[in-house]
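Subject: Structure handover

Hello,

Here is the structure you are taking over. Please open it first, then read the notes below it.

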Amino acid sequence: MTAKYIEVVIITDPETAELLITPLMPFAEGSSVAVEQLGDPEDLSPTAMLPESAVKFWFSEDKNTEGFRGAIQQSIED
């Protein structure tokens, strides 16, 4: 049976994105949290890259409980 995962994406400013990595690691599958600058890196125009970043992580579908989601939310708020 193949495990299924839920992707969480948080759009925020780059500074906050960096601050979220460590508190979110315990919830992420394999402690893997990714941060991506939003925009088109192939476009050379000065407005191609957006001022926001996306923080992404995944967790196993079997952990998708109200308590687990609440713990993630509390970690973000802290």
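The largest nonpolar core has 13 residues. A nonpolar core here is a set of buried Ala, Val, Leu, Ile, Met, Phe, Trp, Tyr and Cys residues joined through side-chain atoms within 4.5 Å. Buried means under 20% relative accessible area, exposed means over 50%, and partly exposed lies in between (1.4 Å probe, protein chains only). The residues with the most contacts inside the core are I10, L24, V33, V55, F57, F59 and I72. Two or more core residues come from each of strand 1 (5-12), helix 1, strand 3 (49-60) and helix 2. Helices (H or I, at least four residues) and strands (E, at least two) are DSSP runs, numbered from the N terminus.

Before going on, note that this is a predicted model, in which local features need pLDDT of at least 70, side-chain atom pairs count only at pLDDT 80 or more, and totals for chains, interfaces and linings use all residues. Residues are numbered from 1 along each chain as its sequence is written, and side-chain values use heavy atoms, with hydrogens and water left out.

Some single residues come next. V33 touches I21, L24, M25, A28, V55, K56 and F57, where residues up to four places away in sequence are not counted. Contact means heavy atoms within 4.5 Å. L20 is in helix 1 and counts as buried at 8% relative accessibility. Leaving aside neighbours within four places in sequence, L20 is in contact with I10, T12, V55 and I76. L20 and D78 are 58 residues apart in sequence, but their C-alpha atoms are 9.7 Å apart in space. T12, in strand 1, is buried too, with a relative accessible area of 13%. Beyond residues up to four places away in sequence, T12 touches A17, L20, E52, S53 and V55.

How do helix 1 and helix 2 pack? They meet at an angle of about 135°, and their axes are 9 Å apart. The axes are lines fitted to C-alpha atoms, for helices over the stretch in contact, and angles run from 0 to 180 degrees between N-to-C directions. Helix 1 and helix 2 are therefore oblique to each other; under 35 degrees counts as roughly parallel, over 145 as roughly antiparallel, 65 to 115 as roughly perpendicular, and the rest as oblique. L20, P23 and L24 of helix 1 make the contact with I72, S75 and I76 of helix 2.

The structure also holds two aromatic pairs. In one of them, F27 and F68 are edge-to-face, at 5.6 Å centre to centre and 75° between the planes. Rings of Phe, Tyr and Trp (its six-membered ring) pair if their centres lie within 6.5 Å; planes under 30 degrees apart count as stacked, over 60 as edge-to-face and the rest as tilted. F27 lies in the loop between helix 1 (14-24) and strand 2 (33-39) and F68 in helix 2 (residues 66-77), so this pair ties together parts that are 41 residues apart in sequence. Both F27 and F68 are buried. F27, F59 and F68 form one aromatic cluster.

S31 is in the loop between helix 1 and strand 2 and is partly exposed, with a relative accessible area of 40%. Phi of S31 is near 55°, a positive value in a residue other than glycine. T2 sits in the segment before strand 1 and is exposed, at 68% relative accessible area.

Regards
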